[in-house]
Amino acid sequence: MPETDIGGLAIAWDRRVLEPRPWTAEQAQWLAELAVDAPPGPALELCSGAGHLGLLLTHLTGRPLVQVDVDPVAGEFARANAARHGIATDVRTASMDEALGEDERFALLLADPPWVERARIGDFPDDPVRAIDGGDDGTALARLCLRVAEAHLLDDGVLVLQVGDQGQVDRIAADLDALAPRLRLVDCRVRERGALAHFVAGSPLTGAVGALGAVGAVGRGLVDAQKGHPQP
Ligand SMILES: C[S@@+](CC[C@H](N)C(=O)[O-])C[C@H]1O[C@@H](n2cnc3c(N)ncnc32)[C@H](O)[C@@H]1O
């Protein structure tokens with residue numbers, strides 16, 4: 001069975017799930033750095049696949065972990081990879097909008113949804129369609145992640161969301177006050193194979209004010225639009 005090293009953790013996977021991409025370790029490592037200033041509380045990973053990003057986050061921070069993926073095979077890999085590394089995790093096999101109790105709250109949230117535009121998923125024949133199909137413009141599942149974050153992040157809780165490129169970040173930022181008014185977009189890192197967006201949750205009032213400001217600030221700051229199409 002194939003294995004990939006992600007931030008020092010050997011992660012097992014096979015062709016039924018998305019192959020773990022080593023560059024994405026940065027997503028967990030960045031959130032672990034941000035966790036120093038986050039409130040106490042558990043971590044949530046949405047769209048966890050073979051589980052490596054959430055496992056690396058908990059390996060680095062010691063935070064209790066809940067991992068959600070709609071694919072039961074992904075859940076099996078996440079459990080097996082966690083057991084191998086002695087990391088405790090609560091893996092839930094369900095769509096992200098149905099996996100959490102109404103009262104569950106998290107201090108940290110990692111989300112790595114499918115983000116390939118539907119018209120381009122044929123460009124990636126080795127990847128499971130459900131792992132990459134992000135709807136017409138690639139942001140459908142990212143938007144669902146933001147809704148889950150809006151409902152389940154503690155005040156001052158932190159989200160690092162992966163999408164395909166700068167354009168996708170800009171589109172969801174422009175709709176943030178409607179999608180997730182508690183969230184404020186703080187920063188973004190654009191890499192060759194994807195983009196990472198850092199959000200912070202506030203109370204309903206401060207979140208809405210912050211989000212409106214962030215659209216302009218981030219829009220101005222993120223002018224180096226990634227060229228070409230995103231690739232998972
Ligand atoms: C881009 S892959 C990321 C997997 C893993 N984080 C990685 O880096 O390989 C997206 C994952 O989202 C899952 N997924 C798709 N729709 C979902 C939904 N509605 N709720 C939860 N998970 C979903 C897929 O099964 C897939 O494992």
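This is a predicted model: local features need pLDDT of at least 70, side-chain atom pairs count only at pLDDT 80 or more; totals for chains, interfaces and linings use all residues.

Visitor: Why is Cys 47 called buried?

Guide: A residue counts as buried if 20 or more other C-beta atoms lie within 10 Å of its own. Cys 47 has 26 such neighbours inside 10 Å, and therefore it counts as buried. Cys 47 is found in the loop between strand 3 (43-46) and helix 2.

Visitor: What makes Asp 156 partly exposed?

Guide: The label of exposed needs 12 or fewer C-beta neighbours, that of buried needs 20 or more, and partly exposed is the class in between. Asp 156 has 15 other C-beta atoms within 10 Å, so it is partly exposed. Asp 156 belongs to strand 7 (residues 153-163).

Visitor: What is there to notice about phi in Cys 47 and in Asp 156?

Guide: Most residues other than glycine have a negative phi. Cys 47, which is not a glycine, has a positive phi near 65°, and Asp 156, also not a glycine, has a positive phi of about 70°. A positive phi, near 65°, is found as well in Gly 86, the residue that follows helix 3.

Visitor: How do you know that the span of helix 3 is close to the expected one?

Guide: Helix 3 (residues 72-85) has 14 residues, and from its first C-alpha to its last it reaches 20 Å, which is set against the 20 Å expected at 1.5 Å a residue. For helix 5 (residues 140-152), with 13 residues, the reach is 19 Å, close to the expected 18 Å.

Visitor: Why are the buried residues of helix 3 said to line one face?

Guide: The buried residues of helix 3 are Ala 74, Gly 75, Phe 77, Ala 78, Asn 81 and Ala 82. Seen down the axis of helix 3, these buried residues fall within an arc of 160°, so they line one face of the helix. An α-helix has 3.6 residues a turn, so residues three or four places apart point the same way. The face turned away from the buried side of helix 3 carries the exposed residues Pro 72 and Ala 83, while the cover over the buried residues includes strand 2 (9-12), helix 2 (52-61), strand 4 (65-69) and strand 5 (90-93).

Visitor: Which residues of helix 1 are buried, and why are they said to line one face?

Guide: In helix 1, Gln 27, Ala 28, Leu 31 and Ala 32 are buried. Their arc, seen down the axis of helix 1, is within 130°, so they line one face of the helix. These buried residues pack against helix 2, strand 6 (106-111), strand 7 and strand 9 (194-201).

Visitor: How is the packing of helix 1 and helix 2 described?

Guide: Helix 1 (residues 25-34) and helix 2 pack at an angle of about 35°, with their axes 9 Å apart, and their crossing is right-handed. Among the residues that make the contact are Ala 28 and Leu 31 of helix 1, together with Leu 53 and Leu 57 of helix 2. By class, this contact has 8 nonpolar residues, 3 polar ones and no charged ones.

Notes
Residues are numbered from 1 along each chain as its sequence is written. Helices (H or I, at least four residues) and strands (E, at least two) are DSSP runs, numbered from the N terminus. The expected span of a helix is 1.5 Å times one less than its number of residues. The arc is that of the directions from the helix axis to the C-beta atoms. Two residues are in contact if their C-beta atoms, placed from the backbone, lie within 7 Å. Axes are lines fitted to C-alpha atoms, for helices over the stretch in contact, and angles run from 0 to 180 degrees between N-to-C directions. A crossing is left-handed if the near helix is turned anticlockwise from the far one by less than a right angle, and right-handed if clockwise. Ala, Val, Leu, Ile, Met, Phe, Trp, Tyr, Cys and Pro count as nonpolar, Asp, Glu, Lys and Arg as charged, and the others, Gly among them, as polar.
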